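Open the model in your viewer and get ready to select. We will visit a few packed helices, then zoom out.

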Amino acid sequence: MKTNAAMLMEQPGKWEVVEADLDPPRDHEVLVRMVASGLCHSDDHVAKADGKVPHFPYCGGHEGAGVVEQLGTGVRGLEPGDHVVTSFIPGCGRCRWCAHGMQNLCDSGALLAGGAQLDGGFRLHYQGRDVARSSLIGAFSEWSVMSEWSCIKVPKRVPLRSAALLGCAVPTGWGSAVNAARVQPGDVVIVMGVGGIGINAVQGAAHAGAMLVIAADPVHLKRDAALRLGATHATASIQEATEIARSATNGQGADSTIISVGVLTGEHIAEGFDSIRKGGTVVVTAVAPMDSVGIPISPFMLAMFQKRLQGCLYGMMAPSADVPRLLSLYEHGTLKLDELVSRTYTLEEINVGYEDMHAGTNIRGLVEFSSS
Ligand SMILES: [Zn+2]
Ligand SMILES: [Zn+2]
């Protein structure tokens, strides 16, 4: 079948919306009519060539929601008409990590960078060429064929437009605070960078009982949003945030600092390291260019102050358990989703959406598909 999809022809590049050919679903795959797709910074990393992908064209998008329209063979847990949120790592349920509830580390994640499906084949084609797809999903497309393990079934009563952000930004940010930083009641927490991920770390920290949630971001609109969604303080720099944390803790520093900046450097981690107390935790959620190396911190202080550096992928979540749980929190009014979307875009406007992200005029951009 035909589908309009936004793809990159090269790196660095701009998104081009073209008509492409989509194969029918194969074994353990489903055809999904996409309703909404979030504009995640990770896809922009590909466009800007911060992260290399081996195959072009490349269809972006991994934070989507839609409706299952057709099943391939062997699909057990989904039916046509089901509403689904995409999971950017298809938790197989059977590997060592999945078996221990760490679906975010599923061995199938090793295949994400290649752009093909779990069986090594491609489902999307443009002018006779195979098209790689973001996270085996390619949510910047009106229609997508994906593994059933990339789909998390959600209740039909929840608007898919709201649910889409549960594909990446919300679990990643919320889990950075709740799972990776293990925020406790009374904690002092700094969130460095309050874009689509960081704003959800703010929500997670606030609801985990943090006494102070200090959002550090140079962009005014993002600081305002953070204050509306649970931050007690908002500063333009990490240095100011560190001062507030120290003044509230008799000079010790934050219990945890979550790094969710746009493009990560080793210096950001060093700033986070300086901001925390003895025995505190730096959570590294932001994505660095793949070839960047080095973190300029004191190895002596690392040991003597017993500080913890915690990497964090997908909020250390098990999406098939945690996405429905987060949706329940949304339905009870605890987790805010609609407030995160500053503006929606058509697929054709996708480059405008990313320009707005860089200009700091949206918290999370969202593509809404016209067919929905
Ligand atoms: Zn993402
Ligand atoms: Zn697995």
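Start by selecting helix α4, residues 169–180, and helix α5, residues 198–207. Their axes come within 7 Å and cross at roughly 45 degrees. Keep in mind that this is a predicted model. Now check the hand: α4 passes α5 in a right-handed crossing.

Which residues of α4 and α5 meet? On the α4 side, select A169, V170, G173, W174, G175, S176, A177 and V178. On the α5 side, select G198, I199, N200, A201, Q203, G204 and A205. Colour this contact by class, and you get 8 nonpolar residues, 7 polar ones and no charged ones.

Next stop: a second pair of helices. Select α7, residues 238–247, and α8, residues 266–275. Here the axes are 10 Å apart, at an angle of about 15 degrees. α7 and α8 are therefore roughly parallel to each other. α7 also passes α8 in a right-handed crossing.

Show the side chains at this second contact. From α7 come I238, A241, T242 and A245. They meet E271, D274 and S275 of α8. By class, the contact of α7 with α8 has 3 nonpolar, 2 polar and 2 charged residues.

Stay on α8. Which of its residues are buried? Select H268, I269, E271, G272, F273 and S275. E271 and S275 are among these buried residues, and both also meet α7.

Finally, zoom out to the whole chain. How many helices and strands does the chain have? Count 11 helices and 18 strands. The radius of gyration is 20 Å, close to the 21 Å that the globule rule gives for 372 residues, so the chain is as compact as a globular protein of that length. Colour by burial, and 52% of the 372 residues count as buried. Last, look at contacts between residues at least 6 apart in sequence: 73% of them join residues at least 24 apart.

Note on methods. Residues numbered from 1 in each chain as written. Chains lettered and ligands numbered in written order. Predicted model: local features only at pLDDT ≥ 70, side-chain atom pairs only at ≥ 80, totals over all residues. Buried ≥ 20, exposed ≤ 12 C-beta atoms within 10 Å, placed from the backbone. Helix = DSSP H or I, 4+ residues; strand = E, 2+ residues; numbered from the N terminus. Contact = placed C-beta atoms within 7 Å. Axes fitted to C-alpha atoms, helices over the stretch in contact; angles between N-to-C directions. Left-handed = near helix turned anticlockwise from the far one by under 90°. Nonpolar A, V, L, I, M, F, W, Y, C, P; charged D, E, K, R; others polar. Rg over C-alpha atoms; globule rule 2.2 N^0.38 Å. Parallel < 35°, antiparallel > 145°, perpendicular 65-115°, else oblique.
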